[in-house]
Structure formats: structure tokens, C-alpha cells
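Biologist: Please show me the model, and then we can go through it piece by piece.

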Amino acid sequence: METFLKRHHLLLILLCYFTTTFSLFAQIHWLIFVLALLCIGWRLGIYFGRLAAPSVMVNRLAAILGAALLMGVVFSQGLFSAMMHLIVLGYTLKFLELSARRDINVFICTGLVLVAVFYVFETSILMALWGMVLAVLHLALAMSLYSAHLSQHRQAKYLGRLVLVSLPLALLLFLLLPRLPPMWKLPLQNQAKTGLSDTVNPGDIAELSRSSELAFRASFAAEVPAPNERYWRVMTLDQYQGNQWSQSQSIKNAIDVAQRGGHFNIEMQGVMQAYELILEPSYQTWVPSLAVSQGRANRANLMANYTLRNEIPIGQRTMLRLQQFADTKMHYIDLTMARQNTLLPNTGNEQTRAWAAQLAAQSGSTQQKINQVLQRFTGERFSYTLKPPPLGPQQIDDFLFGTQAGFCVHYAGSFVYIMRLLGIPARMVTGYQGGEWDPEGGFLTVRQYDAHAWAEVYLDGRWQRFDPTAFVAPERVEQGLELALPNEFLADDPLSLLKLRSNPMLNQLYLAMAQFDYLWAVWVLNYDNQKQFELIKRWFGEVDFFGQIWLFIGLFVATIVFMLLWHLKPWQRVRLSVEDKLLLRLQKRFKANVGERQQGETVTDYCLRLREEADFSPQLAAQQRANLLKFAQCYNALKYAPLREQQRQETLDQLRQLLRGI
Amino acid sequence: MQTHQWFSSRFERWLQRHVPARSHIVLNRKNLFILPTWFGVTYLVTCFTLFLLGTNYQNNLILFLSFLLSSVFVSCLLLSHKNMSGLALEAAEPEPQFAEQVMAFPVKIQHSAEQGQFYFSLQKQPHVLDPVIKGQQVVVYAKACHRGYFKPGRLTVYSLFPLGLFRVWSHVDLGWQGLVYPKPIETNLVLDSDAGDQQGDLGRSRAKAGFDEFAGLKTYQVGESLKSVAWKQLAQGRGWHSKAFEQAQGAPVWLTLNEQTGRDLETKLSQLTSQVLQLDEQNALYGLRLSGQNITPAQGPSHKLACLTALATYGLTAPTKAGVN
């Protein structure tokens, strides 16, 4: 029954299984691996003749029990995880019923689907190549099954050639086949959210600043904003509950609307500056943007607080095209917003309250009072640090009059608190500030340690940005965290490549890698219809829609022809000589009448047979019969006699004439 | 069922027109068929699933994987066809066999590229033995049921190379026609060396019929039955000799249809076959008399074959080997 299943098949199946499941190791529940060990143990038992193959009933029971158990365990992780586990379960249980080739076929197809699942989680270049290796391994399994007579070395060589020859068509399809919009909504993978979160404690952003992970990259159509203008707004926090800043219910509602496609309409003013973001997966919907930006033909929607929300969580490296209108003022405020942005807990932080009351009693414009608050951060002995001492329950008091050492959230939080005490609408904004510009690659890299918090105050009929951190540590805003806090920067990560960049060679290497990674994200991961259009324009000039279709068809046909030529190699076919072609014509003429020339029948014998058997018209018969004999003589002479070129040509002409005369 | 038969008969006729019977056939685009296997269909469905996944997750890597796998599918289509085309099949005459025995049909295959693995089966015959493939020699087996001329029908040659996604096949008619002798049925009839009624009581001496007497040794000649070799003498190193027998009574045995006890013609022929074999074993002189055909008494392998052939084809007209070169 299992004669087809040889040792190397089993080894290849195990190799496929383990490489694929270990690639998804982080996503798969450990129960699967326990099950896998059981199944493989059983399979090996069958292979060595120690155990009997399980019956159909046992198989079904195992499948149902396994599915029930897994669903119980992973259902809380969401639909995506549940579906993935079902596929992996089927993949694992196949070990129990490898009784026919069909089972291995199913195993191969399931494995290929799992490679696709792997791509949902991993999109870096190396991982993309690894996924290809996994896919080819599964094809190798098919090869070993259906080309078993070839040696393994030749199988590998043949498969390699097969895949290489298939590449051009695959590339063509990838480059030119128009991308369809998503047809229906599929469950998204459930991953831990990264980057900025919806609530902010004073220590949160400092925590984030320890990470050198990529947050996003940006490229600009025109000029790059100056370092101190690179304020990437992510969200506004308008609710303070004594220990943390969070979003009020009205903002949460607005986010909900934006995620379902609602767009806050405002009239944009001034010059438009287009830019592109390549967002790293955060598994959240926020989109960092420069004030004031709107999405362009994508699913990033503007909200009333002038931030953007994507309709689906950013689950993979996503490119978004945005437009910034720097001259547009953030005018919008309504009654709820005005009330919410001046709301504070009724009690607590008495020292600050007293100081604010004193400030309020002074004469002078609001602007002057704000300046006075900001001046306080420069004037007194405030320090900027990633490791501020812990604060007591009276956070603002403790900070302003006690520790006086903090990170951006401390400063922005205290500032907003004082503004609200003064009755001025104010909110905290979290996002990223700065980023590293790579002039060669033409993109700005923003990492998690660029995370920042600042304040916005409603003044003179519009929301205005105030960044208290800029008063404590101006170099943070001008040059970034690394220069602002050289001793604390990535202190937990002494081997970080970023810290080794003082070595010019390593720096070059780092930049080259970053550029390659950026190109990968832009041209491969986010290659879409617009990029397609750009590419066609670059290669073939201006092409309209129908032109594009024709182009696609043309290139498609060209590729198929290339593959045909490659495989069939018509130039290697044996060429017939002229005399052979003439002979074939003769044979064709008499096929119906006398039948074909038989095997082993010489041309002379054949012609003699024709002379006897063929029907000739009575008046020409004698002539034709004579010609037949001459034909055979000429043919033999051309084939076997040593002729000079001149003679050869003459004989050929004669042969042609004779054929006409038969 | 009716429509199925109608279709299969239509297909048969179509095949006869497009892939006529030949003892030497080179497979090419005109006589090859190609269709995806179930695995091929499943694989294609997988490609499409990946395409949907890639589109819905807007994941270019999944899309590329889907495109690559589809391209491999197309490549396999070309390669599997290329692998089969150019395969030359040359049939050899099958050895005659007795009815209800397994008959061997030899084919010689020749291929320039020699990459793929080929499978052979007889389309119309139930499977009795796995075909034997040894280098260029292939032997397929079929069970011959009735005496006479046995046509095993079309030979299906197929390949799943390289990935099992496509099945490329051809139903070739190699014009095979095997001669099937009747199945021997033993009789307890006492063999008679009687030449018939005409000869009266001249040859009524039954007891001696079929018995030979050892006459002496003579020099062995190539082609003589191995049964007659004097092994003892050979083992003693005295060279090849054969034992010569002489019938005690020179009268030949006549085998006739009428003397058989069988109920019908086929049984009678079977009984005659058994007797021919028996007499040949005994090296007896025997003749065969069938209505319209007399084989004069003789002995030896060629005589045996002539008798068996006569029995096999009795009452049948030899079919012309239409279209066979």
C-alpha cells in the first residue's frame, strides 16, 4: 500500500513540515507541536512496521478532537488565528494518513497556503526569500513523488531550471497585472500593538524612546521640512484623570466614524506638498501626519482634531500618499470640544493651582502668560531625562515643584494642565518629532525613539502648537534624541547598529541597507496600480488605458513565446535536407494510392513498388515510370555519392524536375 | 450509461481516424492528449486562493507567490508535453499463448531526451500483471480469454512528469494481434493410431499407440527438443547426443474432431489441443484432421505449432492486419 512512500519522501515531508511550522513558530500554539510529535511518532512507527496505520474513524476523531481543542484555546485570539490553526492542524494530521499520493498532494497544497500565511506576518527581504525557499521545498516534494526515477541531484537541477524559467512570467504578471481592490473583508491577524498607544502615562513615551525600531519612513515630492518643523501628529489626548492622559468619548466616537470611512471636510488652503509614508505595522489605525494633511485616494480619513485614521489597522508595511497644506489653520472647535479641553479634576495639585491663580491674577495678554509658563522651564533648574524619578499621586505638583526632571510628557502634561487652569482650551498631542534624513536615498527615517508629546492651545481662533520640551532641551527638537541625551540614548541596547555608526564604513553599510529596505518597501511591498503606471510611463512613455491593456497582452504573449522557445528548443530539431524534403513530397503524393514507405524499404525498392502498384494516367505512364527510377538514382547519388558543389546543384535541379514529371 | 457508451464509441471512431493502427508510432502533438490531474486542479485552486488572499490582504508577496506558482503550472504544461513528444513506440509480435493464460505484448521504446517516467496499460483489458519496463524494452500483459486472434486493443502510455500536475497520454493502436490456442482440456480417451475407416482393420492395435521404443543414441542437432537430450551421456562427458525413439508400429495417430467427447466445438478443440500437447510430449507421430483441413502426420516443434495454429484458427477467417506496415 505504501510502496510509493520511500525514505527520502518521508524525510522531505518532515523537512517541509518543520521548516514551515517553525517559520510560523511565534503564531502557533504549542499544542500543535505536541500533536505533531504524536503524529510523526505514529508515522515513524508505521514506517518501521511497529504500528498499524490508523483507521479512517481514528483519523476523523483525531481531526475533530484536535479542532475542538484548538478552537477552545485560540478562539480568543481572533478569527484569523483560528483559521490559521485549522490549516496547520490539517497540515499536521496529514502525517497520519499518508496512504496514497493524493494525501501528499493535499499536504503540498496546504503547505503552500501556509507559506502565504507566513507572508502575512513577515515581509522583509530575507523572509520573502525564505518563503520562496519553503514554496520550492514543497514543489521538490512533488518532484520527488512524480519524477522518482531521476536521481535527487537531477531532480534538484530540473526543479531549479523549472522555477527559473517560470520567473519571467511571474515577474511580468507581478509588474503588469492590474491590482484589484480587496474584494471582501478578511479577518486580520491579531498582533500586539506597537508604537504610540491611546493613553499616555508620564513614563510611556520614555519607554518607547528606548526602542530603535522603525516607526515609519517618509519621502517628499518637493522640499523636506526643517528638523524643527517635523512634528508628526498622531493623536490628541484631551482627558486628564489625575494620573494619565487619554482620549475623551467624543474623540473615540470620531475615530469610530473615521474608521468606517467618515471624513471630516475642511477647506484646505495654501500650497500643497505631497509626501508618502511607508508605515511599519503597528496593528493600530493611526496615521502620523504633518499639520494639516489629508489622504489621497486611500483609506486614511481626516478627523476633527486634524489627525488621520486608517480604515483598517496597519498590519503590514503600508504605503500611504498624503498631501500637506501647511498654510491651513486648525480653526475647528465646537462647544463639546471647548468644554472638554478645559476640563480638569476638581481637586489635587494645590501648589500648581495656587501658582496658576497667581498667574491669572496678573495683568497681560494670554500670550504673555503662556510665555511666562514656558520661560519657567528654561529659567529654573528643570532637566530633560529619559529616566525621571517616580512621581507621587500629585503628579503635576511633584514634577513642577519637586523632581523637576522629566521627559516630554511631563512637560507637555504640566503645560496643558496650567493652560486649562487658566481657562484656555488646551490638549496634549502625541506623535513623532524629527527623523533622520537620508539625502542619497531621499527618505526620512522615523524610529520609535523619535516619539514625542507636545501641546496645542486654542489661541486667536486656532489651535497653536507649543512644545515645552523645546524650552528645556532645544537640541531634542533641533537635532534629535541622540544628541540631546547622548548618555541615555539606547542605553539598554549597547550593541545597536545605530550606535556603531560613528565608524564611517559601518555607517555606509547601514545606510545602504536602509536604502535597499526602503526600495523594497516602496517597489515591492507597496507596488500598486499607481507605481505600475509610473513604471510603464518610464519604460514605454505615455500610455492610455487601452494602450496598457495591449501592452500587457503583448508582453504576456512575448513571455509565453519565450517559455515555449526555451522548453521546446525548435532550433535543436533535425533539419531535413532538400532531397529528403523532395522524397517526402513524393511519398505524400502516393500515400493514398500505394500507402506509405515501409520501414526498412529503401528508396529504390519504394520507387520500384510505386512503378508496379501506382495508377498512372495511361498516356504518361511509361514516362512516369522511367522518371521514378531516375528519381531513386538521383536521390541515392545526392545522399551517398561524393559530389562537387556544381554537380550537386545540377543533380538537385534534376531531382526537382523529375518530381514534377512523375 | 447510454450517453456514456455513445460518447465512448464516438471517441473510439475519432481515435481510429486520428491515431490509426501502426506497429511503429512516434508520439507528437497530433496524437498526444494533455489534461491536468486532480492534483493539478487542486494546485490551480490553491494558486487562485493565494491570489484572493493576496488581493484581499493587499499583500504583494502573496500575490507574487501566486503568480510564481501559476507560472510553474504553465511551465509544467509545456515540459510534460515535451517529455512525451518524440517518444517512439515499436511493437513486436506477441508469442502465441493458450486461452486463459497471460499473454505478453512487447514494445520497444525510444526517446531522445529520456527524462520522464512512462506508464503503460492496456485500455480495454483488465489488469493482470504490472507492465515490465527494462531500459527500452517494455512488456505489457493481458489475459486472452478465447482461442483465435486476440487483439488487446489500444495501449495507453502516459506520464505524470515532472510534478504530477499534468497527465500526458496517448492511446496508441500498435496493431497487436496475438494467436491464442484453445485451452487444453485433458481427456481420458485412449489414443488411437487408427488412420480412419478407410484403412479397415489394418491399424486396430490400440495398445501400441503413442508408445515409443528407445532405439539408440544419435548426435544431437541444434533445434532438437531438449527432452530428447541424453543427459546422462552428456554428464559423463561424452558430448551431446539425443535419444532416438522409434514407434513400435509405424502407423501415425490421427486426431479428429468427431472422436472427441466434448459437448460443443470449443470443448472438442480444447481436448484436441490437450492431445496434441500430450503426443508431442511423447514424441509421437500424429496428424490432425479437421473438416476442410488435414495436417499430415509428423512430429517435432514446428508440427506442433502448425497443429495448434490450426486448432486456434479453426472456423475463423484470418483477419487482415489492416493498416499494419
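Biologist: Which residue in S8(B) does Lys134(B) stand opposite?
Modeller: This is a predicted model; local features need pLDDT of at least 70, side-chain atom pairs count only at pLDDT 80 or more, and totals for chains, interfaces and linings use all residues. Residues are numbered from 1 along each chain as its sequence is written, while chains are lettered from A and ligands numbered from 1 in the order in which they are written. Strand S7 (residues 132-134) of chain B runs antiparallel to S8(B), with three bridges between them; strands are DSSP runs of E, at least two residues, and helices runs of H or I, at least four, numbered from the N terminus, and two strands pair if DSSP finds at least two bridges between them. In S8(B), the residue opposite Lys134(B) is Gln137(B).

Biologist: Which residue takes a positive phi in the hairpin of S7(B) and S8(B)?
Modeller: The hairpin has two residues between its strands. The one with a positive phi, near 60 degrees, is Gly135(B).

Biologist: How many bridges join strand S5 of chain B to strand S8 of chain B?
Modeller: S5 covers residues 102-110 of chain B and S8 covers residues 137-143, and the two run antiparallel. Val107(B) stands opposite Val138(B) in S8(B). The number of bridges joining S5 to S8 in chain B is seven.

Biologist: Which are the edge strands of the four-stranded open sheet in chain B?
Modeller: Strands of a sheet pair through backbone hydrogen bonds, either parallel or antiparallel. Here the order is S2-S11-S10-S6 (chain B), with antiparallel pairing. An edge strand pairs on one side only, and in this sheet of chain B that applies to strand S2 (33-36) and strand S6 (119-122).

Biologist: In S11(B), what is the bridge partner of Leu155(B)?
Modeller: Strand S10 (residues 155-159) and strand S11 (residues 166-172) of chain B pair in the antiparallel sense over five bridges. In S11(B), Leu155(B) is partnered by Val172(B).

Biologist: At about what angle to S11(B) does H3(B) run?
Modeller: H3(B) lies across S2, S10 and S11 of chain B. Axes are lines fitted to C-alpha atoms, for helices over the stretch in contact, and angles run from 0 to 180 degrees between N-to-C directions. The angle of H3(B) to S11(B) is about 30 degrees.

Biologist: How many residues of chain A are in contact with chain B, and which element of chain B gives the most?
Modeller: Two residues are in contact if their C-beta atoms, placed from the backbone, lie within 7 Å. On that basis 36 residues of chain B touch 44 residues of chain A. The elements of chain B giving two or more residues to this side are helix H2 (38-56) and helix H3 (60-84). The most, 16 residues, comes from H3(B).

Biologist: How do the residues on that side of chain B divide into nonpolar, polar and charged?
Modeller: Ala, Val, Leu, Ile, Met, Phe, Trp, Tyr, Cys and Pro count as nonpolar, Asp, Glu, Lys and Arg as charged, and the others, Gly among them, as polar. For the side of chain B that touches chain A, the division is 21 nonpolar, 14 polar and one charged.

Biologist: What distance separates the centres of domain 1 and domain 2 of chain B?
Modeller: Chain B is divided into domain 1 (18-181) and domain 2 (197-211 + 248-312), with bounds from an automatic or database domain assignment. The contact takes five residues from domain 1 of chain B and six residues from domain 2 of chain B. On the domain 1 side, strand S12 (residues 178-181) of chain B gives the largest share, three residues. Taken over C-alpha atoms, the separation of the two centres is 47 Å.

Biologist: What is the mean pLDDT of chain B, and what ipTM does the predictor give the complex?
Modeller: pLDDT is the predictor's confidence in each residue, from 0 to 100. In chain B, 86% of residues reach 70 or more, and the mean is 81. Over residues 194-211 of chain B the pLDDT is below 50. For the complex, the pTM is 0.79 and the ipTM is 0.80.
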